[in-house]
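The explanation starts with aromatic rings, goes on to packed helices and ends with individual residues.

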Amino acid sequence: MDLNADLGEGFGIWRLGDDEALLDLVTSANVACGFHGGDPSTMRRVCEGAAQRGVAVGAQVGYRDLAGFGRRRIAYDFIELRDEVTYQLGALDAFCRLFGTRVRYLKPHGALYHVASTDESQAAALVAAVTGHNPDLPVLCQPGSMLAQLAVGAGLPVVAEGFADRGYLPNGALVPRGTAGALITDPDEVATRAVRMATERTTVAVDGTVIPCPVNSICVHGDTPGAVSATELVRASLIDAGVTLASFA
């Protein structure tokens with residue numbers, strides 16, 4: 001099982017999350033590419049730290065929305081979104097190459113992640129950017145989403161992702177942020193959910209129903225309160241449950 005976290009989301013003097021501590025725990029790092037978070041120096045620092053630890057680097061691409069942290073839906077023209085995602089992939093890959101590594105997958109961030117799960121145009125723009133940049137690049141996304149379907153149709157590798165620290169609706173979608181049950185901050189509960197995803201391939205929705213969760217990568221958000229302690233417990237609990245941790249990339 002892969003264990004990933006969103007990293008490098010600080011900007012300028014603003015720091016978000018403990019990138020260095022999380023790099024010691026995860027197998028894949030979703031690195032912000034400067035549009036919703038991150039900046040060139042942050043991207044360079046996280047890529048260097050990931051390369052030193054053998055952590056796979058993925059491009060965490062988002063809307064051009066630093067003020068809203070990429071969590072506000074934006075209506076994009078197909079060509080504009082395709083080109084902005086291509087730009088982000090190329091920028092991060094340049095820093096990766098400085099340290100003998102490369103971008104190994106793509107994961108959308110925030111509102112783009114959710115919109116591309118149902119919106120065909122935005123999902124297609126992401127697929128077009130990946131196929132143009134590197135048709136062997138995996139796409140990390142929710143199983144069964146529009147993005148997953150279009151990526152498979154284009155011949156791209158798709159890796160299904162689950163969220164240990166986010167609540168799920170009975171239909172398998174994430175509980176919208178700002179809604180009760182959207183964010184899970186208790187480390188024990190986060191770890192329990194991660195183990196269930198890895199061993200039973202299920203999770204428990206906010207209404208108590210058990211729903212399928214067939215994933216190959218589990219995410220813990222770096223900006224969640226107590227992210228480091230939760231990720232430490234998730235990692236230890238997965239290993240205790242006999243789960244081998246390794247990046248899919």
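**Rings, helices and buried residues**

Tyr63 and Tyr76 are both buried, where buried stands for a relative accessible area under 20%, exposed for over 50% and partly exposed for values in between, computed with a 1.4 Å probe on protein chains only. The model is a predicted one, in which local features need pLDDT of at least 70 and side-chain atom pairs count only at pLDDT 80 or more, whereas totals for chains, interfaces and linings use all residues. Residues are numbered from 1 along each chain as its sequence is written, and side-chain values use heavy atoms, with hydrogens and water left out.

A search of the whole structure for aromatic pairs finds 5; rings of Phe, Tyr and Trp (its six-membered ring) pair if their centres lie within 6.5 Å, and their planes count as stacked under 30 degrees apart, as edge-to-face over 60 and as tilted for the rest. The rings of Phe35 and Tyr87 have centres 5.7 Å apart and planes at 40°, so this pair is tilted. Because Phe35 lies in the loop between strand E2 (28-32) and H2 while Tyr87 lies in helix H3, the pair ties together parts that are 52 residues apart in sequence; helices (H or I, at least four residues) and strands (E, at least two) are DSSP runs, numbered from the N terminus. Phe35 is buried, with a relative accessible area of 7%, whereas Tyr87 is exposed, with a relative accessible area of 55%. For Tyr63 and Tyr76 the ring centres are 5.4 Å apart and the planes are at 15°, so the pair is stacked.

Two helix pairs come next. Helix H2 (residues 40-53) packs against helix H3 (residues 78-98) at an angle of about 45°, with the axes 9 Å apart; axes are lines fitted to C-alpha atoms, for helices over the stretch in contact, and angles run from 0 to 180 degrees between N-to-C directions. In the contact, Pro40, Met43, Arg44 and Cys47 of H2 meet Ala91, Leu92, Phe95, Cys96 and Leu98 of H3, contact being defined as heavy atoms within 4.5 Å. The residues of this contact of H2 with H3 divide into 8 nonpolar, no polar and 1 charged, where Ala, Val, Leu, Ile, Met, Phe, Trp, Tyr, Cys and Pro count as nonpolar, Asp, Glu, Lys and Arg as charged, and the others, Gly among them, as polar.

Helix H7 (residues 187-200) and helix H8 (residues 227-240) cross at roughly 40°, and their axes come within 8 Å. By class, the contact of H7 with H8 has 10 nonpolar, 2 polar and 1 charged residues.

Which residues does Thr231 touch, not counting residues up to four places away in sequence? Thr231, which is found in helix H8, touches Leu3, Leu22, Leu25, Val26 and Val220 under that condition, and at 0% relative accessibility Thr231 counts as buried.

Thr101, in the loop between H3 and strand E4 (103-108), is also buried, with a relative accessible area of 13%. Leaving aside neighbours within four places in sequence, Thr101 is in contact with Ala51 and Cys96.

Asp19 lies in helix H1 (residues 19-23) and counts as buried at 7% relative accessibility. Not counting residues up to four places away in sequence, Asp19 touches Leu7, Gly8, Arg45 and Val46. From C-alpha to C-alpha, Asp19 and Asp119 are 31 Å apart in space, and they are 100 residues apart in sequence.
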